[in-house]
Amino acid sequence: MWILFAFGSALFAGITSVLAKCGLKNTDSHVATAIRTTVVLLFAWLLALLTGGIHTLSAVTGRSLLFLLLSGLATGGSWLCYFRALQLGDVNKVTPVDKTSTVLTMLLAALFLGETLSPLKWVCLFLILLGTWAMIGRRDPDVPASHAGGRWFPYALVSAFLASITSLLGKVGMEGIDSNLGTAIRTVVVLLMAWGIVLATGKGREIRNIDSRSWGFLLLSGLATGISWLCYFRALQEGPASVVVPIDKLSIVVTIAFSSLFLREKLSPRAALGLVALVAGTLLLLVP
């Protein structure tokens with residue numbers, strides 16, 4: 001079942017990206033993230049209530065709570081570093097470094113969780129890394145080149161590292177507790193950090209300027225994110241992180257399909273080859 005949950009996470013994460021892009025057209029990205037996280041929080045706690053997971057709150061051990069809180073902090077820290085890196089560097093340089101979190105997760109899972117990296121998994125790791133860089137390595141022509149030198153690199157590297165340990169911390173924190181409840185707990189931390197970013201950057205006043213169309217897409221995006229997270233951490237609870245995380249990254253396939261249908265975006269030959277390599281590397285992870 002964990003494989004189905006992992007693919008469900010990828011599906012809704014892919015839908016999230018398209019909905020979020022529509023909602024971001026007239027909205028600051030920090031404000032949009034905070035709004036979406038609010039929806040995720042409400043959805044996560046509602047589902048924990050409906051499934052009865054909230055009744056096991058008293059059974060959550062201090063160890064599980066600690067790792068769930070650390071997972072939420074890692075997620076928020078990753079966002080802070082990522083946005084800072086984007087502010088200082090070019091998108092085509094920052095994004096590939098951040099996306100190496102998939103590879104880092106596989107390596108860290110082998111080091112700290114004892115998950116085996118067979119020769120086939122090393123091949124998969126290479127294909128995923130190659131495919132990711134091929135797909136997102138080109139600079140967005142609408143974004144001007146940065147003159148900040150290499151100052152962006154440490155932020156991007158820390159962002160990727162924190163994103164990778166988020167999955168590992170979440171997996172440890174989910175052991176022995178209801179996955180819906182675990183997702184709800186960690187989302188509280190992410191919410192606090194998301195709104196902290198908004199307050200720290202002085203973007204709170206821009207909420208009143210969000211139009212109704214953007215509100216609709218942001219709310220739907222938050223709902224899709226909530227479903228994706230619930231599926232993701234349920235998959236992490238039962239399956240190996242070194243396989244669950246790459247499957248979740250297949251959301252890029254869903255994003256491309258929906259962006260082609262609804263946003264009329266084209267896929268370059270280089271990106272298409274990268275997509276093939278990424279999908280092949282991910283699917284090969286399912287081979288026993």
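Which residues of α5 are buried? In this predicted model, local features need pLDDT of at least 70 and side-chain atom pairs count only at pLDDT 80 or more, whereas totals for chains, interfaces and linings use all residues. Residues are numbered from 1 along each chain as its sequence is written, and side-chain values use heavy atoms, with hydrogens and water left out.

**View 1. Helix α5 and the residue that follows.** The buried residues of α5 are S101, T102, V103, T105, M106, L108 and A109, where buried means under 20% relative accessible area, exposed over 50%, and partly exposed in between (1.4 Å probe, protein chains only). Helices are DSSP runs of H or I with at least four residues, numbered from the N terminus. The end C-alpha atoms of α5 are 16 Å apart, which agrees with the 16 Å that its twelve residues should span at 1.5 Å a residue, the expected span being 1.5 Å times one less than the number of residues. After α5 comes G114, with a positive phi near 75 degrees.

**View 2. The largest nonpolar core around M106.** This core, a set of buried Ala, Val, Leu, Ile, Met, Phe, Trp, Tyr and Cys residues joined through side-chain atoms within 4.5 Å, has 32 residues, of which M106, I165, Y232, L236, V244 and L285 touch the most other members. Among the helices that each supply at least two residues of this core are α5 (101–112), α7 (152–174) and α9 (212–238). Leaving aside neighbours within four places in sequence, M106 is in contact (heavy atoms within 4.5 Å) with L117, K121, L125, I128, S242, P246 and L285. A second, separate core of eight residues includes A34, A194, V198 and I210.

**View 3. The lining of the second largest pocket.** A pocket is an open set of points on a 1 Å grid over the protein atoms alone, where a 1.4 Å probe fits, with protein on both sides within 12 Å along at least five of seven lines; lining residues have an atom within 4 Å of a point. The second largest pocket holds about 150 Å³ of space, and its lining consists of F67, L108, F112, L113, F161, I165, L168, L169 and V172. Helix α7 gives the most to this lining, with five residues, and the lining divides into nine nonpolar, no polar and no charged residues.

**View 4. L283 in helix α12.** L283 lies in α12 (residues 269–284) and is partly exposed, with a relative accessible area of 41%. Leaving aside neighbours within four places in sequence, L283 is in contact with F7 and L250; L250 is 33 residues away in sequence and 9.4 Å away in space, C-alpha to C-alpha.

Note on methods:
Grid points are joined across faces, edges and corners, and a volume is the space filled by probe spheres set on the points. Ala, Val, Leu, Ile, Met, Phe, Trp, Tyr, Cys and Pro count as nonpolar, Asp, Glu, Lys and Arg as charged, and the others, Gly among them, as polar.
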